[in-house]
Amino acid sequence: MDRNQSNYAVRKLIAKYSHTDPDDWFLTFRARLGMAICFQTIYDIYGSGEVITQPYTCITAVNPILVSNLKPVYTDIDPKTLSIDNPEKLYNSKTVAIVLQHTLGIMSGETQKIANFAKKHHLILIEDSAHCLTRMATDNSGNVLADISIHSFGVEKVLQSTKFGGAIYVNPTLKKKDAKLYNEITSRLQGLPQPPRGLDLRSRTYRFQNGLLHRLPNSMFHNIRNLAYRAHIFELAVAPYEQDAEQSPPYASTKFINETILKYLPSLPSVYEKRLKNTLIYNKKLSTNSSFKQITQTKEPLLAYPILFKDAASATKAYDVLTSSGFFIRRWYSPLLYPGPISNRRYNYNQKMSPIAEDMQARVLCLPTDLSSEKMERILVILQSTENK
Ligand SMILES: Cc1ncc(COP(=O)(O)O)c(C=O)c1O
């Protein structure tokens, strides 16, 4: 299979899972690079403006706005969905777009209301489905609500083994809304160059190198990894320059990335089945603990299951117990704009503007949903033992 054939095969499969058309999908080296193409085109056509987003996210989801010379403005989050709350509050004549992020795959927020708001004010609605590959918010008839939807095959996403690759869905209805924007975004995504040799090589060797790094004692892990990064032999999931509002130029996905995706994407239905089963177990079994609360009871295949401890110290303690028992626990997104900007100012972020997100990031733990039944039992026992301690 050559690169074009593998590219088409990936798009065909994504389209099958998302009930869309392969021609509306574009593959990028990473999702963040495709996001930047979209924002850059918005800037080139509409000029400078504001993008409503949320600080409860990865910094890589905000850099695409900044590198495109647009200004991110942040809403606080809805504590039940960890997603954007009341974008209306931030709307003004400079607003050009809204980012609707389905944090951890929770899509149960007011997606239709936000889409109506975007439509009413002629704003571009960009859905961040990085945590819910191929899942998109739809209206009652099954039509995709967003103008553009961002999907990721990157590190710690729904498919564990792919590590690189982004898929950008450009809704054909955007053609009607703004033909110039539609044509420009699709032709730029279509015409992306291949990554340079070094980057291509680092994406090929990532899994092997990462495996080796994880065999190192904890005390050496970070130093050796950073050394390898500085020697240009290892690609970090988030590089230090990305904490300072910069990112790599945009590239298309490679033949290697496409082939890796093709190897693992067919397992998506069973991956989602397992994640859904475990989400439902957490829903049921974690509802009565006195040291933490559930954030959601959603019946969706979550990327990770968020729980909220009574204070930061209890969250840290539980994190330590679980990680020392061998579980890979995430604290998404702690700190906000994870792993944290070098300067809040550069990101136009003011902690006072989002007290709910600030509070939740200090107390949240995200439990894995890709565990076997035995490991689920073990994690539940450990969590139960945190009660009242
Ligand atoms: C919410 C969110 N959006 C976008 C991205 C970017 O995805 P990628 O790593 O494929 O660039 C990430 C992860 O980095 C993310 O967590």
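How many other C-beta atoms lie within 10 Å of Ala 245? The answer comes in the first view below, after two quick notes. Residue numbers start from 1 along each chain, following the sequence as it is written. The model is a predicted one, in which local features need pLDDT of at least 70 and side-chain atom pairs count only at pLDDT 80 or more, while totals for chains, interfaces and linings use all residues.

**View 1. Ala 245 and Asn 69 both have a positive phi.**
Ala 245 has 19 other C-beta atoms within 10 Å, so it counts as partly exposed. (Buried means 20 or more other C-beta atoms within 10 Å of a residue's own, exposed means 12 or fewer, and partly exposed is in between; C-beta atoms are placed from the backbone.) Its phi is about 60 degrees, although the residue is not a glycine. To find Ala 245, look in the loop between helix H8 (218-230) and helix H9 (255-264). (Helices, H or I with at least four residues, and strands, E with at least two, are DSSP runs numbered from the N terminus.) Asn 69 has a phi near 65 degrees and sits in the loop between helix H3 (63-66) and strand E3 (71-74). Asn 69 is partly exposed because it has 13 C-beta neighbours inside 10 Å. As background for this view and the next, most residues other than glycine have a negative phi, and most peptide bonds are trans.

**View 2. The loop between H11 and H12 holds Tyr 333 and Pro 335.**
The peptide bond from Trp 332 to Tyr 333 is cis, and its omega is near -5 degrees. Ser 334 and Pro 335 are also joined by a cis peptide bond, here with omega about 0 degrees.

**View 3. Strand E9 is covered on both faces.**
Five of the five residues of E9 are buried. Gly 166, Ile 168 and Val 170 are on one side, with Ala 167 and Tyr 169 on the other. Strand E9 (residues 166-170) pairs with strand E8 (residues 148-152) in the antiparallel sense over five bridges. (Two strands pair if DSSP finds at least two bridges between them.) In that pairing, Ser 149 stands opposite Tyr 169, and the bridge partner of His 151 in E9 is Ala 167. E1 also runs antiparallel to E9, joined to it by four bridges, and here Leu 27 has Ala 167 as its bridge partner.
Step back and you will see an open sheet of seven strands with mixed pairing, in the order E1-E9-E8-E7-E6-E2-E3. Its edge strands, each pairing on one side only, are strand E1 (25-28) and E3. Helix H1 (residues 3-18) lies across E1 and E9, running at about 125 degrees to E1. (Axes are lines fitted to C-alpha atoms, for helices over the stretch in contact, and angles run from 0 to 180 degrees between N-to-C directions.)

**View 4. A three-stranded open sheet has the order E10-E11-E12.**
The pairing in this sheet is antiparallel. Strand E10 (292-294) and strand E12 (364-368) are the edge strands, and the twist averages 35 degrees from one strand to the next. Three bridges link E10 to strand E11 (residues 304-309), and Gln 294 stands opposite Ile 307 in E11. H11 packs on the sheet, where it touches E11 and E12, and its direction makes about 25 degrees with that of E12.

**View 5. Leu 125 is among the residues with the most contacts inside the largest nonpolar core.**
This core has 99 residues, and Ala 97, Ile 98, Ile 126, Ala 146 and Ile 168 join Leu 125 on the list of those with the most contacts. (A nonpolar core is a set of buried Ala, Val, Leu, Ile, Met, Phe, Trp, Tyr and Cys residues joined through C-beta atoms within 7 Å.) Helix H2 (residues 31-46) supplies the largest share, eight residues. Domain 1 (3-190) and domain 2 (267-388) each contribute at least three residues to the core. (The bounds come from an automatic or database domain assignment.) Leu 125 touches residues including Ile 98, Leu 100, Ala 115 and Asp 147, leaving aside residues up to four places away in sequence. (Contact means C-beta atoms, placed from the backbone, within 7 Å.)

**View 6. Domain 1 meets domain 2.**
Here 29 residues of domain 1 are in contact with 30 residues of domain 2. E3 gives the most to the domain 1 side, with four residues. The C-alpha centres of the two domains lie 24 Å apart.

Conventions
Two residues are in contact if their C-beta atoms, placed from the backbone, lie within 7 Å.
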